[in-house]
Amino acid sequence: ANHVLRKLVEVVPVSTAVGLLESLAGHVQEVAAHIYGCRLLQQVLVKFEHSLDQIPGFMEELVRSARSLCSDTYGNYVVQHVVTYGDASVKAALMNALLPSLPDLLQHQAASHVVEKLFAHTSKDDQSIILRRLLLDPDSKTQLLKMMQDKYANHALQRIFDFADSDQRELIKEAMAPHIDSLRDEGHQKYLLMRLQGRWRNSGESWGSTQKKQQGQGASDKKRPRESMEMDTS
C-alpha cells in the first residue's frame, strides 16, 4: 500500500494530493515515525516543495511534532526534509519549535543531524540565533564543554563551524576558548580541536592557550555511522 501511495503522490497534482494528506490529520507524527511512512512524507515534501502553502494543516502538524520526530530513527529524516524544502514561514515555525531544545538535540544521534541541516539551510540572522542559543545562553554555557566532548554534538559543532562565516567562526572560537584545554587531540574530539586551532585543511597557526601535539595529519573527518532512511528516488 505504501508503494501505491508513493506512486500516487508521484503523478497527481497538489490539488488531488490535498485530500490524501487531509486524511492523515491527527496521524502525521505516527506516519513520519514509521519505517515506510517516513519515505512517503519525504516524497510529499519534495514533490510539492513549491505548493506547501496549499497543505497548511499537514505542515502545521509536522512542525508541532518536530521536537519528538527529531529524536526518532525515521522521523528525523522527515524533519530534515521540512528544513530543506519548507518555505520561510515553515522554517521560522520550526526554529521556534526547536530552539529551546537545541543543546539537548545536538547531543542526540539522530536529532544532531537536524540541527546541522537547520543551520545550513537558514538565513544568517537565524544562524546567529542558533549560535547564541548553543553558545551564549546561560543554560547552554553550562553544557558547552559537555557538547564539545559528546561524540554526536562534537560532530555537529564541526559541521556548524564549516558552514559558518568568518565572523561566526570567531564567535564560536571565543565561546569555546575556556574549554579548549579539556579537548583531547584524539578520537572524535580531535577534529573540532583542529578547527579551533586553525589546523583543519591548512597549516595555519594554532589557536588557543595551549599548543597541542598534532596527530593524524591529513586524516579525513569520519562520519558517524547510521543507517540511511533517505527516500529512494530511483
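**Salt bridges and packing in a predicted helical model**

User: How many salt bridges does the count come to?
Analyst: This is a predicted model, in which local features need pLDDT of at least 70, side-chain atom pairs count only at pLDDT 80 or more, and totals for chains, interfaces and linings use all residues. Residues are numbered from 1 along each chain as its sequence is written, and side-chain values use heavy atoms, with hydrogens and water left out. A salt bridge is a side-chain nitrogen of Lys or Arg within 4 Å of a carboxyl oxygen of Asp or Glu. By this rule the count is 6.

User: How many helices and strands does the secondary structure of the protein come to?
Analyst: Helices (H or I, at least four residues) and strands (E, at least two) are DSSP runs, numbered from the N terminus. The secondary structure comes to 15 helices and 0 strands.

User: Which residue meets Asp165 in a salt bridge?
Analyst: The N to O distance of this pair is 3.8 Å, and the partner is Lys124. The pair links distant parts of the chain, 41 residues apart: Asp165 lies in the loop between helix H13 (151–163) and helix H14 (166–176), and its partner in helix H11 (residues 124–136) is Lys124.

User: Is Arg133 buried or exposed?
Analyst: Buried means under 20% relative accessible area, exposed over 50%, and partly exposed in between (1.4 Å probe, protein chains only). Asp139, which forms a salt bridge with Arg133 at 3.0 Å between the closest N and O atoms, counts as partly exposed at 37%. Arg133 has a relative accessible area of 10%, so this residue is buried.

User: What separates Arg159 and Asp162 in helix H13?
Analyst: The side chains of Arg159 and Asp162 meet in a salt bridge, 3.3 Å from N to O. The two are 3 residues apart in helix H13, so their separation is about one helical turn.

User: Which helices do the buried residues of H5 pack against?
Analyst: In helix H5 (residues 56–64), the buried residues are Phe58, Met59, Glu61, Leu62 and Val63. Contact means heavy atoms within 4.5 Å. The packing partners are helix H2 (14–22), helix H3 (28–32), helix H4 (37–47), helix H6 (66–70), helix H7 (75–85) and helix H8 (88–98).

User: What percentage of the residues of the protein count as buried?
Analyst: The protein has 234 residues. The part that counts as buried is 47%.
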